[in-house]
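This report goes through one protein structure part by part. Please keep the sequence and the 3D view at hand while reading.

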Amino acid sequence: MSSHHIVKEKQEPALYIHELGSFDEEYLGQLLEWSPTIITSVHEYEKVVSLGLKVDFVIGDTGTSLLQEHTKIITAEGSLMDTALRYLIAEKYPAVNIISKISKFDDLIDFVPYINIVLFTGNEKYYVIKKDFSVWKPKDSIFLIDIISYFETDNLEQQEDGTFVVIEDGMVSFNFNTPFLFIGERI
């Protein structure tokens with residue numbers, strides 16, 4: 001009888017499930033496609049396991065809860081999110097996908113220089129871009145931009161609701177003087 005083992009070599013972003021909420025299971029499946037290291041907050045552990053997922057690490061005090069075989073506990077020092085990010089940085093993970101109900105990067109800003117973060121909410125994804133970023137997008141694509149500094153862009157028009165819409169199929173470029181800018185897209 002043979003067994004199949006998946007070796008996790010930190011080539012894919014880790015997945016930290018902070019708050020699963022009503023996150024789309026199909027999209028979750030896409031994030032799990034390459035068998036990332038899965039970390040979950042103690043509050044989401046049972047829900048994540050009920051989806052049939054193998055959890056590598058749980059952040060927080062599990063009390064007397066029974067854990068899956070080989071699941072390790074990481075004691076929270078500060079917030080659960082901070083603990084997860086500090087662990088991933090210490091273990092030299094280059095990137096992490098985070099699922100949370102909160103769509104703001106405010107609490108994550110100190111970690112941005114050390115790890116690439118993509119933050120997923122129910123229907124949006126947010127990420128950090130660095131200077132001279134450009135990307136091809138089809139007409140009418142929508143960007144959500146947290147305006148914390150002055151920036152210029154090509155091929156985008158700001159709407160009354162604060163979103164930015166791509167004017168025509170093609171490259172969208174961002175120019176700014178800060179080290180990075182937070183942008184989001186609908187998924």
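β1 and β5 pair in the parallel sense over 4 bridges. Two strands count as paired if DSSP finds at least two bridges between them. Helices (H or I, at least four residues) and strands (E, at least two) are DSSP runs, numbered from the N terminus. Within this pairing, L15 stands opposite N97 in β5. The model is a predicted one: local features need pLDDT of at least 70 and side-chain atom pairs count only at pLDDT 80 or more, while totals for chains, interfaces and linings use all residues. Residues are numbered from 1 along each chain as its sequence is written, and side-chain values use heavy atoms, with hydrogens and water left out.

An open sheet of 11 strands, with mixed pairing, runs in the order β4-β3-β2-β1-β5-β6-β7-β14-β9-β12-β11. β4 (72-74) and β11 (156-158) stand at its edges; each has a single partner strand, so one side of each has no neighbour in the sheet. On average, neighbouring strands of this sheet are turned by 25° against each other, direction ignored. Such angles run from 0 to 180 degrees between N-to-C directions, and the axes are lines fitted to C-alpha atoms, for helices over the stretch in contact.

## The nonpolar cores

A nonpolar core is a set of buried Ala, Val, Leu, Ile, Met, Phe, Trp, Tyr and Cys residues joined through side-chain atoms within 4.5 Å. Buried means under 20% relative accessible area, exposed over 50%, and partly exposed in between (1.4 Å probe, protein chains only). Which members of the largest core, with its 26 residues, touch the most other members? They are Y16, V96, I98 and I117. At least two residues of this core come from each of β1 (14-17), β3 (57-59), α3 (80-90), β5 (95-99), β6 (116-120) and β14 (180-186). α3 gives the most, with 6 residues.

Leaving aside neighbours within four places in sequence, I98 is in contact (heavy atoms within 4.5 Å) with Y16, M81, L85, L108, I117, V118, L119 and F120. Another core, of 15 residues, lies apart from the largest one and includes L31, Y45, I99 and F120.

## The three-stranded sheet

An open sheet of 3 strands has the order β8-β13-β10, with antiparallel pairing. Its edge strands, β8 (133-137) and β10 (151-154), each pair on one side only. β8 and β13 (residues 170-176) pair over 5 bridges, and V135 stands opposite V172 in β13. Neighbouring strands here are turned by 20° against each other on average, direction ignored.

## Aromatic pairs

The structure holds 10 aromatic pairs. Rings of Phe, Tyr and Trp (its six-membered ring) pair if their centres lie within 6.5 Å; planes under 30 degrees apart count as stacked, over 60 as edge-to-face and the rest as tilted. The rings of F151 and F174 have centres 6.5 Å apart and planes at 40°, so this pair is tilted. F151 lies in β10 and F174 in β13, so the pair ties together parts 23 residues apart in sequence. Both F151 and F174 are buried. Y127, F133, F143, F151, F164 and F174 form one aromatic cluster.

## A loop residue

T163 is found in the loop between β11 and β12 (164-166). Is T163 buried or exposed? T163 has a relative accessible area of 7%, so it is buried. Its side chain makes a polar contact with the side chain of D161 (2.6 Å). A polar contact is a pair of N or O atoms within 3.5 Å; within protein, one must be able to donate a hydrogen and the other to accept it, and residues adjacent in sequence count only if both atoms are side-chain atoms.
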